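Here are my notes on the model, point by point. Please read them with the coordinates open.

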Amino acid sequence: DLHLAASGLLSEKVGGPSVFPPLPEGVAELSYANNFKWETSEGEDRYRRGLYTFAKRTAPYAMFATFDGPSGEACTARRDVTNTALQSLTLLNDTVVMEAARHLGRRAAAVTGNDDARLTWLFREVLTRPPAADESAAILAFVNGQRARLAAGELAPSLAGDGASAEDAAWTLAARALFNLDEAIVIF
């Protein structure tokens, strides 16, 4: 929900039937028997809160399992919190997170002002605080490096979506990096 909210994609719709956010290819076939089809929800339902995601105790939604979501087979008073490489890979590659990063990156690229203004806006959207000087220097160096790399080829649309510029793609990659910070995923 944090990634969808920060990106501006989170649906405010309340109630209704379960939704089916994007799931990595092949997961549904391995997890669900009886020819059950995981039909990815479209439109607003694609970006609903995790509370509305279809749940099956024997095969929980993949991202929930990766981030220590309880299985639903027993009540839990407190969730375990882990930090694993699989979580990092999920945040870098999962369809839901990539769509949120694309949307947020395009919004950041459209912010009026210089790169410092864009970065401050991006930090506030994801982490609700401005960047420290060292964070700002590191992320801006990253963005500039990505601009140079992306200007040389046709990679921008595959990273930031159809019609995206190298600028959109550079800020999409910055959003992806912020989404992967412990501060952005571990909320107490």
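1. Rings of Phe, Tyr and Trp, the last by its six-membered ring, are taken to pair if their centres lie within 6.5 Å. On that basis, ring pairs join Phe20, Trp38, Phe54, Tyr61 and Phe64 into a cluster. Over the whole structure, the search finds five aromatic pairs. Note that this is a predicted model.

2. Start with phenylalanine 20 and tryptophan 38. Their rings form an edge-to-face pair. The centres are 4.9 Å apart, with 85 degrees between the planes. Phenylalanine 20 sits in the loop between helix H1 (2-7) and helix H2 (27-31), and tryptophan 38 in the loop between H2 and helix H3 (62-66), so the pair ties together parts that are 18 residues apart in sequence. Phenylalanine 20 is buried, and tryptophan 38 is too.

3. Tryptophan 38 also pairs with tyrosine 61. How are these two rings arranged? They are stacked, at 5.9 Å centre to centre and 10 degrees between the planes. Tryptophan 38 and tyrosine 61 both lie in the loop between H2 and H3, 23 residues apart. Both are buried.

4. Alanine 59 belongs to the loop between H2 and H3 as well. Is alanine 59 buried or exposed? Its relative accessible area is 5%, so it counts as buried. Its C-alpha lies 19 Å from that of arginine 49, a residue 10 places away along the chain.

5. Arginine 48 lies over the face of tyrosine 52. The distance from the ring centre is 4.0 Å.

6. Next, the packing of H4 on H5. Helix H4 spans residues 85-93 and helix H5 spans residues 95-109. Their axes come within 6 Å and cross at roughly 50 degrees. The two helices are therefore oblique to each other. H4 contributes Thr90, Leu91, Leu92 and Asn93 to the contact, and H5 contributes Thr95, Val97 and Met98. By class, the contact has four nonpolar residues, three polar ones and no charged ones.

7. Histidine 3 is in helix H1. With a relative accessible area of 12%, histidine 3 is buried. Which residues does histidine 3 contact, leaving aside its neighbours within four places in sequence? They are Leu91, Val97, Ala100, Phe179 and Ile185. Leu91 and Val97 also take part in the contact of H4 with H5.

8. Isoleucine 185 is in helix H10 (residues 182-185). It is partly exposed, at 25% relative accessible area.

9. Aspartate 168 lies in helix H9 (residues 166-179). It is buried, with a relative accessible area of 15%. Not counting residues up to four places away in sequence, aspartate 168 touches Gly105, Arg106, Ala109 and Ala160. Glycine 105 is 63 residues away along the chain, yet its C-alpha is 5.8 Å from that of aspartate 168.

10. Most residues other than glycine have a negative phi. Aspartate 68 has a positive phi of about 65 degrees, although it is not a glycine. Aspartate 68 is in the loop between H3 and H4. For threonine 128, phi is near 60 degrees, again a positive value in a residue other than glycine. Threonine 128 is in the loop between helix H6 (115-127) and helix H7 (133-151). Its relative accessibility is 66%, so threonine 128 counts as exposed.

11. Alanine 74 is placed in the loop between H3 and H4. Its relative accessible area of 55% makes alanine 74 exposed. Alanine 74 and arginine 57 are 17 residues apart in sequence. From C-alpha to C-alpha, they are 9.7 Å apart in space.

How values were computed: Residues are numbered from 1 along each chain as its sequence is written. This is a predicted model: local features need pLDDT of at least 70, side-chain atom pairs count only at pLDDT 80 or more; totals for chains, interfaces and linings use all residues. Side-chain values use heavy atoms; hydrogens and water are left out. Axes are lines fitted to C-alpha atoms, for helices over the stretch in contact, and angles run from 0 to 180 degrees between N-to-C directions. Helices (H or I, at least four residues) and strands (E, at least two) are DSSP runs, numbered from the N terminus. Angles under 35 degrees count as roughly parallel, over 145 as roughly antiparallel, 65 to 115 as roughly perpendicular and the rest as oblique. Contact means heavy atoms within 4.5 Å. Ala, Val, Leu, Ile, Met, Phe, Trp, Tyr, Cys and Pro count as nonpolar, Asp, Glu, Lys and Arg as charged, and the others, Gly among them, as polar. Rings of Phe, Tyr and Trp (its six-membered ring) pair if their centres lie within 6.5 Å; planes under 30 degrees apart count as stacked, over 60 as edge-to-face and the rest as tilted. Buried means under 20% relative accessible area, exposed over 50%, partly exposed in between (1.4 Å probe, protein chains only). A charge sits over a ring if NZ of Lys or CZ of Arg is within 6 Å of the ring centre and within 35 degrees of the ring normal.
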